Amino acid sequence: MIVYNKEFDLNLSEHGIEVPILDDRSRRCFTELKNVDPSISEVDLKELEEINREDLLRVHTSEFVDALLGDEKEKKIIECYELIDQNGNYYRYDPSRAKYPLSNLLDKFLLQTKGTYLSFRRAFETGFSFGLCGGMHHAMSDRSRGFCLINDIVICARKFQTEVRAINFSVIDIDAHKGCGTAELTANDSSIETLSIHMKNGWPLSADCGEGPWRIPSTIDIGVELGEENQYLTKLEEGLKELENLDMAIVVAGADPYSEDVLESARGIQLSKEQMLARDLLVYRFLKERGIPQVWLMAGGYGPKTWEIYFQFLKLIHEEEHA
C-alpha cells in the first residue's frame with residue numbers, strides 16, 4: 001500500500017534552497033514501482049483528511065503554532081533548513097534563484113502530514129503502508145529543527161489515538177540521526193514508545209551541538225559508531241526485542257545510513273546497499289511475524305541514489321506478497 005501524490009514533492013530548489021534532498025526521490029521510487037506493477041496509483045488528494053491548528057497543538061506549543069501559521073512562517077522555514085549561518089549570511093540558500101516564496105513550503109509540509117495520516121489509516125486497515133512522505137522526527141514542541149518543520153509522526157499518532165482508536169504506538173527510527181524531536185515530544189507519554197538506532201556521536205549528539213532538549217533520551221537508544229556497521233543488524237534486532245507497546249508500529253525509514261548518501265552530517269554510519277535492505281527486512285519481518293500493523297515513512301535521504309533504498313525494499317516485499 002503506497003501513499004504518494006506528486007504534490008507531496010517539496011521542490012526545494014524552486015524555493016532557492018540548496019540542501020541536497022532531491023525533489024524526485026519519492027517520485028522516482030513511485031515511478032519505478034509503477035513499472036513493476038502498473039496497478040499502483042497515486043492517492044487522490046480528496047482522500048486526505050485536514051490537518052488543522054488543533055492537530056498541530058496536539059504536539060507543538062501555541063507560540064510556535066501561532067508563529068508558523070502567522071507572519072513568521074518564512075522565519076521558521078529558514079530555521080528548519082538552517083539557511084542562515086552564525087555570521088548572519090545565507091547558507092545553502094539563494095533567494096535570487098527562487099521561483100516561489102519560502103512561505104509556500106508550509107502548505108507542502110501540511111500536505112505531507114496529511115499523507116502521513118492516510119498512511120496510518122491504511123496500515124491499520126491492511127497491516128502495512130509506506131508513505132513516500134513525512135518522517136519529520138527532529139521537529140520539537142517549540143521549534144523546527146533539522147529539515148523538519150513540524151513533527152508529523154507524533155501529530156498523526158495523537159490524532160489517530162483521539163479520532164480512531166486509543167492504541168499504543170512503537171516508533172522505530174532507523175534514520176542515521178537520532179529521532180530527537182520524537183523523543184522530546186513523547187518523553188512523558190507512555191502510549192508512544194521510541195526506539196532510535198543512530199550515529200552515536202553524530203548530529204544532534206556531537207559535542208558541538210551543546211546541551212538541549214535534543215539530548216532527551218528515547219525509550220530505547222542504540223548508538224552506532226563509524227566502523228561498527230557489521231554490528232548494526234545485531235544491535236537493531238536486540239533493540240526490537242525490547243519494545244513493549246506494539247499495538248501499531250511507525251517506522252521512520254531514513255535512507256541516510258546508506259554509504260552513497262551525500263549529506264556530510266550523515267556519514268557516521270556507512271551501510272552498504274545490501275545492509276540497508278537487510279535492515280528494512282529485519283524490521284518488516286519482525287513486525288509482520290507478530291501481526292503488528294506497520295506504517296513506514298521516508299524521513300532522511302540525500303543525493304541521487306537514496307531512492308534506490310526505498311525501491312529495493314518495496315519491490316522485494318511486493319514480489320513476496322504476489323509470489
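Modeller: First, a ground rule: contact means heavy atoms within 4.5 Å. And keep in mind that this model is predicted.

Biologist: Got it. So what does Tyr-100 touch?

Modeller: Leaving out residues up to four places away in sequence, Tyr-100 touches Glu-14 and His-15.

Biologist: And where is Tyr-100 found?

Modeller: Look in the loop between α4 (73–81) and α5 (105–126). From there to His-137 is 37 residues in sequence and 26 Å in space, C-alpha to C-alpha.

Biologist: Why is Tyr-100 called partly exposed?

Modeller: Its relative accessible area is 39%. Buried would mean under 20%, and exposed over 50%. Tyr-100's 39% falls in between, so it counts as partly exposed.

Biologist: On to the sheet. How do you know that β3 and β4 pair?

Modeller: Count the bridges: five of them join β3 (residues 169–173) to β4 (residues 192–199). Ile-172, for instance, has Leu-195 in β4 as its bridge partner.

Biologist: What is the strand order in the open sheet?

Modeller: Its seven strands run β1-β2-β7-β6-β3-β4-β5, with parallel pairing.

Biologist: And what makes β1 (2–3) and β5 (220–224) edge strands?

Modeller: Each of them pairs on one side only.

Biologist: Last one: which residues touch the most other members of the largest nonpolar core?

Modeller: Out of 53 residues, those are Phe-130, Ile-174, Trp-296, Phe-313 and Leu-314. There's also another core lying apart from that one, with 51 residues, including Ile-17 and Tyr-117.

Methods:
Residues are numbered from 1 along each chain as its sequence is written. This is a predicted model: local features need pLDDT of at least 70, side-chain atom pairs count only at pLDDT 80 or more; totals for chains, interfaces and linings use all residues. Side-chain values use heavy atoms; hydrogens and water are left out. A nonpolar core is a set of buried Ala, Val, Leu, Ile, Met, Phe, Trp, Tyr and Cys residues joined through side-chain atoms within 4.5 Å. Buried means under 20% relative accessible area, exposed over 50%, partly exposed in between (1.4 Å probe, protein chains only). Helices (H or I, at least four residues) and strands (E, at least two) are DSSP runs, numbered from the N terminus. Two strands pair if DSSP finds at least two bridges between them.
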